Amino acid sequence: MGEHIPLVRRSMEGPDGERLLVREVVRIALYLPHDHADLAPGVARALDLYRKAVGEGALAHGWDAEDDGEPFALTDEGWKRVHASLQTRTSVQGLGDVDSPWTQRMMKLRAEYSWTLTGGGLTPHDGYSLHYQARLPAHRAPEGSVSVLSATLPTEYLLLHGPGRVRELAMSLADGLPLSSGHAGLALALFAPRGRVLPLVRDALARHPGLDVPGIESHQSLGSSVDGVHWVNFLGPALLDSLGGVSGLRARLLSPETTVGEVGDSGTAVVTLGPWPSAGDLMKGDALPSYRELAGVLEPWLEVFRPHHALGWRGYTEEEVLRWWRRFLD
């Protein structure tokens with residue numbers, strides 16, 4: 001079933017040799033309108049689920065804001081450091097005095113705590129990663145701020161273990177966290193500033209509408225909106241209620257590939273667009289009609305394109321970015 005997944009890998013020659021800058025992955029993203037103190041136990045559980053799914057050696061390095069992004073090895077000591085960040089604490093005490101350098105740094109980042117764990121060396125070219133960014137405490141956070149938990153898997157993992165196992169992992173992560181929305185599907189992992197990289201994949205983005213370009217920073221203010229349409233789509237209780245519940249949503253989605261279900265007893269719905277994630281292929285006439293159908297239903301809640309979203313797409317016009325943003329609507 002590998003025809004669903006285009007090979008999108010771009011590298012660039014640098015002074016220290018060739019470096020992989022882009023590769024295709026499966027990305028799971030969960031948007032959580034809660035503070036770190038409320039999320040820490042669930043994120044710790046999610047970390048354990050991810051490690052069990054990918055194997056103990058898949059994650060090798062970590063970065064966090066405490067050391068200004070300096071990497072550390074995920075030895076026993078490194079894992080203790082990660083787990084220590086997930087001990088329940090009050091957000092106000094966690095952020096500290098507003099005038100401290102630490103607090104100023106986190107205010108600029110718009111987060112109380114942030115770390116990224118990767119595999120495959122300091123350039124995470126193997127496709128394994130886990131990222132957690134807790135929003136600023138509610139009394140300091142900008143309106144619409146959410147915390148973000150995202151994970152990636154290499155497409156080789158998908159082909160080896162099958163889509164059922166990947167969907168099961170996404171469902172397990174979503175079941176343990178109070179999300180407003182979330183998703184899983186094919187995406188591009190970018191290992192350099194986006195403005196340098198995206199021109200390298202212009203052909204892939206124009207041809208394959210199912211390839212997502214994640215932007216965690218822009219999604220920190222997602223609020224109750226939805227970050228696009230993907231293979232697996234999680235719709236939290238408030239959003240689901242506005243859509244008429246599971247039965248109302250199911251009645252509006254007629255594609256034979258689409259299934260609508262629930263995530264445990266969390267009040268969250270899951271909409272899956274086919275047995276495999278697909279990138280689509282406009283050159284072959286595959287415009288992903290089931291994705292377009294769901295986009296039409298969710299349009300009032302989809303994240304709205306704003307001009308600042310184009311700033312990271314160096315080499316693209318604002319019109320081109322808007323066209324990509326609305327690729328399932330127009």
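**Close-up views of a predicted model**

Arg-23 is buried, with a relative accessible area of 2%; buried means under 20%, exposed over 50% and partly exposed in between, using a 1.4 Å probe and protein chains only. The model is predicted: local features need pLDDT of at least 70, side-chain atom pairs count only at pLDDT 80 or more, and totals for chains, interfaces and linings use all residues. Residues are numbered from 1 along each chain as its sequence is written, and side-chain values use heavy atoms, with hydrogens and water left out.

**View 1. Salt bridges link Arg-9, Arg-23, Glu-24 and Glu-156 in a network.** A salt bridge is a side-chain nitrogen of Lys or Arg within 4 Å of a carboxyl oxygen of Asp or Glu. By this rule the model has 15 salt bridges. In the pair Glu-24 and Arg-9, the closest N and O atoms are 2.7 Å apart. This pair links distant parts of the chain, 15 residues apart: Glu-24 is in strand S2 (residues 17-32) and Arg-9 in the segment before strand S1 (10-14). Helices (H or I, at least four residues) and strands (E, at least two) are DSSP runs, numbered from the N terminus. Glu-24 also forms a salt bridge with Arg-23, with the closest N and O atoms 3.8 Å apart. Glu-24 has a relative accessible area of 1% and is therefore buried, whereas Arg-9, at 32%, is partly exposed.

**View 2. Arg-323 and Glu-319 form a salt bridge.** Their closest N and O atoms are 3.5 Å apart. Both residues lie in helix H13 (residues 318-325), four residues apart, about one turn of the helix. Glu-319 counts as exposed because its relative accessibility is 56%.

**View 3. Strands S10 (residues 258-263) and S11 (residues 268-273) run antiparallel.** Six bridges join the two strands; strands pair if DSSP finds at least two bridges between them. Gly-261 has Val-270 in S11 as its bridge partner. The strands form a hairpin with four residues between them, and Gly-264 in the turn has a positive phi of about 55°.

**View 4. Leu-249 lies in helix H11 (residues 245-252).** Leu-249 counts as buried because its relative accessibility is 0%. Not counting residues up to four places away in sequence, Leu-249 touches Leu-235, Leu-240, Leu-243, Val-260, Val-271 and Val-297; contact means heavy atoms within 4.5 Å. Leu-249 and Gly-261 are 12 residues apart in sequence and 9.9 Å apart in space, C-alpha to C-alpha.
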